[in-house]
Amino acid sequence: LFLVYINDLTDNISSNMRLFADDLSIFIKVCDVEESQTQLLEDLDKITNWAWQWKMEFNPDISKQAILVIFSNKKKKIVHPPLFFNGIPVKRESSTQHLGVILDERLNFRIHIQEKIKKANKGLGLLRFLSKYTTRPVLDKMYKMYVRPHLDYGDIIFHDQLKDSMQLLESVQYQAALIVTGCWKGSSRAKVYADLGWESLSDRCHFRRLSMFYQIKNGLAPSYLAERVSDTPPNITKRYANSFFPYCNINWTNLEASIKNVPTLSQFKSALLKKFRPPARSYFNTTDKVGIRRLAQLRVGLSDLRDHRNNHHFINCPSATCACTHGSETTKHFLLECNRFTTQRNVLMTSLSRISSNVDLSVSQSLCDLLLYGSKAYSFYANTDI
């Protein structure tokens with residue numbers, strides 16, 4: 001009923017106007033400062049008169065002022081005369097929030113990204129605390145359900161507008177990956193993501209943008225979005241090229257026909273995700289939380305082993321030589337060669353032989369990979385035992 005009641009508010013307004021629930025925004029492209037001020041003041045007076053006619057009141061006190069944001073990338077700011085609404089000055093602000101997206105006056109979305117990172121970091125604190133008590137799959141789901149949505153929100157709009165902000169977002173996901181896997185800070189981000197089966201936030205946004213573009217191209221989105229689809233003009237700035245429609249137009253052209261011509265959105269998403277999301281490496285339902293963390297550290301190449309610590313320039317590890325003095329303490333050396341663990345290794349090899357008679361104990365590298373990752377040649381249960 002409220003929407004019906006205010007439906008005629010937009011009548012006779014010269015400026016652009018958008019309504020959402022009880023929020024109203026009017027905006028105009030400024031070519032001449034004086035003309036724009038006159039037009040906006042006239043429209044604000046019309047809104048005030050409409051409210052008086054229908055027994056409503058906007059901004060009843062100074063604490064609920066209307067706000068004005070002037071979006072401009074010019075280095076030399078133009079002085080804009082003040083505006084008044086319902087007898088109260090319109091407050092000048094550097095940013096405003098619409099549907100959870102903070103729009104700053106330079107439209108670089110730095111404030112929005114900083115706010116989302118703050119919220120995501122609170123979730124990381126909870127994940128870090130729960131990592132002592134719960135399993136890796138639960139932590140993985142919690143991150144995707146309660147933390148990553150903050151990083152995703154509005155990403156199809158702000159993607160790649162500021163490189164340093166994109167790096168800050170990615171660092172939040174990297175910290176989450178370390179918490180979920182138990183890997184050390186400094187581990188290769190690509191290797192940690194590959195172990196988890198996560199795509200980078202940059203690749204994820206690329207996927208989300210093209211998924212939205214697919215919906216627009218195929219009539220699955222509001223018609224006013226389809227009206228914006230057009231060929232990208234030549235000689236555009238890098239910033240404009242990174243905005244939604246130019247970015248999607250360019251990347252849609254380069255997309256394989258086998259992907260963009262699929263009949264349904266779910267098929268499109270599945271086909272596109274295969275290009276970016278690595279398959280998660282299985283731990284075959286192993287329940288040993290500490291063991292899984294140690295195994296993850298071995299997989300990504302940063303653990304307590306001297307070779308790993310020396311490669312990452314740890315101060316307390318000046319040499320990669322193993323304590324047995326027979327070579328560097330690499331993963332393969334630790335699992336298959338170091339004479340300090342001969343007894344334990346004999347037990348391990350005997351157990352492997354019992355699991356499968358096909359295990360080749362003579363090829364050290366393939367045997368090392370089998371111990372770290374399992375093998376598709378064996379059943380799920382055999383890999384669990386391995």
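Predicted model: local features only at pLDDT ≥ 70, side-chain atom pairs only at ≥ 80, totals over all residues.
Between which two strands does the loop that holds Leu99 lie?

1. Leu99 sits in the loop that runs between strand S7 (95-98) and strand S8 (101-104). These two strands make a hairpin with two residues between them. Leu99, in the turn, has a positive phi of about 50°. The pairing of S7 with S8 is antiparallel and extends over four bridges. Within it, His98 has Val101 of S8 as its bridge partner.

2. Leu99 counts as exposed because its relative accessible area is 55%, and the threshold for that class is over 50%. Together with Phe20 and Tyr153, Leu99 forms a nonpolar patch on the surface. The accessible area of the three residues together is about 330 Å². As background, nonpolar side chains in soluble globular proteins tend to be buried together.

3. Thr96 belongs to strand S7. Is Thr96 buried or exposed? Thr96 is classed as buried, because its relative accessibility is 15% and the limit for burial is under 20%. Leaving out residues up to four places away in sequence, Thr96 touches Ile67, Val69 and Phe71, and also Val101, Ile102 and Leu103.

4. Lys55 is not a glycine, yet has a positive phi, near 60°. Lys55 is placed in the loop between helix H2 (33-53) and strand S3 (67-68), and is exposed at 74% relative accessibility. Leu107 is likewise a residue other than glycine with a positive phi, here about 55°. The loop between S8 and H3 contains Leu107, which is partly exposed with a relative accessible area of 33%. For context, most residues other than glycine have a negative phi.

5. The largest nonpolar core has 32 residues. Which of them touch the most other members? They are Leu124, Leu127, Tyr143, Leu151, Leu169, Val192 and Trp198. Two or more residues of this core come from each of helix H3 (110-130), helix H4 (136-152), helix H6 (163-181), helix H7 (189-196) and helix H14 (289-300). The greatest contribution is that of H6, with nine residues.

6. Another core, of 19 residues, lies apart from the largest one. Ile216, Phe245, Tyr247 and Leu272 are among its members. Phe245 is located in helix H11 (residues 244-253) and is counted as buried because its relative accessibility is 19%, where the limit is under 20%.

7. What is Phe245 in contact with, leaving aside its neighbours within four places in sequence? The contacts are Phe213, Ile216, Leu225, Arg228, Val229 and Thr232. One of these, Ile216, is also named as a member of the core of 19 residues. Between Phe245 and Ala221 there are 14 Å in space, C-alpha to C-alpha, and the two are 24 residues apart in sequence.

Methods:
Residues numbered from 1 in each chain as written. Heavy atoms only, no water. Patch = residues over 30% accessible without salt bridge, like charges linked within 9 Å, V, L, I, M, F, W, Y side chains within 5 Å. Areas by Shrake-Rupley, 256 points an atom, 1.4 Å probe, with all protein chains shown as cover. Salt bridge = Lys/Arg side-chain N within 4 Å of Asp/Glu carboxyl O. Buried < 20%, exposed > 50% of the residue type's maximum accessible area, 1.4 Å probe, protein only. Core = buried A, V, L, I, M, F, W, Y, C linked by side-chain atoms within 4.5 Å. Pairing = 2+ DSSP bridges. Contact = heavy atoms within 4.5 Å.
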